[in-house]
Amino acid sequence: MKHRVGTSLLALGLGLMAGLGAARADFWSDAGAKYKGVTLHGVTESTPPSNYVKDVLAKEFEEKTGIKVEMETTSWDQMYDKAIKDMEAKTGIYDMVYIEQDIIYAYLARNFLVNTSKMLADNPALKAPEYDEKNFTTFADYFKGDDGGLYGVPMEAFIKIYLYRTDLFGDSAIKEAFKQKTGKDLAPAKTHEDYTQIAEFFTQYGKDKGEELWGTTSQAHTGHPASWYEYVESILPTFGVYNWGIDASKNYAASVANGGTMNSDKAKAAMKYLLHLRDIAPPESASSTWTEVATTFAAGRAAQGLVYGENAAWIASDASKSKVVGKVGVALPPLSEGVMADAESGKGYIGYYDGGAFGIPVTSKNQEAALLFLEYIGQNSVQPGWAVAAPRITNTATYDDPQVKEMDGKLGGYYTMLKNDGKLFAGAPKYPFHAQVREAVAPIFYRILTGEVGPDEGVDQMAAAAEAELTNLGYRK
Amino acid sequence: MRSNKVGWLLLAPTIVVLALFGIVPFIYVLYVGFHQWNPFGANPSMIYNGANNFRRLVFDAEFLTAIWYTLKFALFAVLSEVVIGYFLAQLFMREFPGKGFFRTIHTLPLIVAPIVVGSVWRLMTTPSIGVIPYYLRTWFGFDLNIGRDPNAAFILTVIMDIWHWTPLVTLTLLAALVSLPKEPFEQAEIDGASRSQIFWHITLPMIRPAILATVFIRLMDALRTVDEVWMLTGGGPGAATRYIGLHIWKVVFPKTDYGYGSAISLIVLYLTLVMCWLLYVALVAPRRDARKVA
């Protein structure tokens, strides 16, 4: 009898477990049933992480829920053009839009986005068992509104790192030649002076050897915002100029005269540094955006460079696209004195913590189905494969996955750096006017790049133009 | 009376479409042009500011530079297209081996989308990978770098436009040449007129309407060019190729300065109309007056 009761209890327990397991496994088909036949439309930038969403995650989601996802991947400019026009005109074409970290403040100011935290709290039936906002790294904080709600589910996060060629830096003959020339050991640069010396050395080395090799990459397009971002997000901070040199607490001052730092001596030194590196970089640099910088490095044309982390994986591991597979090392960017201390104390930062999220426009007609999709891509279980395909990590647990650890080795410790030193980097300042100020100031910046205006004079003009635009926009009183 | 009603009825769909997609947006742009409106400003609503946007653009160096470069671009591009197009049309009037093949190849650029044209030219001109810089360096020792040389970038945008649009001019002028009567030319030859006299006194006056129509179309297109140049140079280096269409796009979309962007659009529309009118007066009116006198 006792045995029979025990067996029955065991059977019941197993049955319940199996039942619960089935219910858990069926969450997506159950939740999706209500929206079967719905087609979600999203727009995003064509990048490796977005392409993974389009090619892999969207298809998995469709199989599990019956909800179709059409993800449009396009250029950075077109993506914003389409998303903003749609939300502005309230046409409701898109159910999901890519939100780069620097535009979230503008979108929040315009009430473009749905508060996903509130929506889940209001609709508990939509809550996927595996989805939890607590799973995200602190990068998710950038997508929170003043009410604490999450307005975008992080889909990519990476730091702009200093890549260098381990084969060149480890070559004994090159090391010897470098030591003879500079009196220093050849190692990844810690300061701007070191970086410049290494860049000059390798550019000369390439010339002497008749090789297509230069000392550095340079994202210095003379008509594309990429060069502006290189300056304000990657170079200025390393000289100790933060938040584009604009101080919101001082009536949005940009000029030194009014309390800003956009035309400070440090900013002028940063500009000259950028110009010099551009001059000793490969000739395509004056037409290079973030994409071309990565391809230049992958083609083996530069010994070192600042490269967006999203490109690090394919540069380091995809032999079909990159000539430097297995020859890539990562390091923190070179810094001026005091910048590391600023970053550690939270007063400043050493580079750009880039990334983005998917948000749901308030104009979407399929908000609930879109939220299901965002939960799907926010689960811990889908992250490792995604992180291997494109070097982005948005969930804390991803770091410990064996696949990711293996990839970390191939990337020269990039993920370890993201985990340990990510806190030293920062996203764009919390301004809702990035594009507006950029477009007001960038034409002067481009003229500095072409040499039409000198760097000192040009930087002064940039600060004046920034303040004029901020006044015009009504932020500066 | 009845036929009038039928006429209006038949015209109605066109009028409705024209009103919806032409006149209403124009009135809206006109309305916005008199407002300060940047949705990402501290005050995102529309604020009436009279003629301030129009006053501002008179002193806006970027706008004036963009206008100047656009006029230069339009002048060089359209003039070259008409001259080359005319010579090609004359070439196609004659018989030569492979004429059909050459005519087809020559027309192909017309069916390529401007954005693709820009992309292809960018690939061809990017230093290090582009075929054009490679051969210029190999054959002439000239380093072409459109990211650093404003003149080279400007000239390349003109050449790209010529490559893309000359076939249109050729086809239009070819149609005009084919339709010319033979008698005046035969009479001129009998009278001993030289080739240049025939060109200036017979061919040119007879194809003048076709030239005028082509120049109008190409001029209006050249004044609003965006896609190709955006892909090739992004408007750079500096402002060397930031033509007015691209300038308006940058003011209206990334900068979201809708009021000011609308004001610029209106002024550019006005300038285009004035230029077309001047062209019309210069090329057609004297001929008409001469006829009246005769």
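Which residues of the largest nonpolar core touch the most other members?

## The main core

They are A312(A), F373(A), F445(A) and A466(A), in a core of 153 residues. A nonpolar core here is a set of buried Ala, Val, Leu, Ile, Met, Phe, Trp, Tyr and Cys residues joined through C-beta atoms within 7 Å. Buried means 20 or more other C-beta atoms within 10 Å of a residue's own, with C-beta atoms placed from the backbone. Domain 1 and domain 2 of chain A each put at least three residues into this core.

Leaving out residues up to four places away in sequence, F445(A) touches W228(A), Y231(A) and M462(A); contact means backbone-placed C-beta atoms within 7 Å.

## About the model

This is a predicted model: local features need pLDDT of at least 70 and side-chain atom pairs pLDDT 80 or more, while totals for chains, interfaces and linings use all residues. Residues are numbered from 1 along each chain as its sequence is written, with chains lettered from A in the order in which they are written.

## Two domains in chain A

Domain 1 covers 35–158 + 355–420, and domain 2 covers 159–352 + 427–473; the bounds come from an automatic or database domain assignment. Their C-alpha centres sit 28 Å apart. Where they meet, 22 residues of domain 1 contact 19 of domain 2.

## Chain A meets chain B

Chain A brings 26 residues to this contact and chain B brings 28. On the chain A side, α19(A) gives the most, with seven residues; helices are DSSP runs (H or I, at least four residues), numbered from the N terminus.

Key: Two residues are in contact if their C-beta atoms, placed from the backbone, lie within 7 Å. Helices (H or I, at least four residues) and strands (E, at least two) are DSSP runs, numbered from the N terminus. A residue is buried if 20 or more other C-beta atoms lie within 10 Å of its own, exposed if 12 or fewer, and partly exposed in between; C-beta atoms are placed from the backbone.
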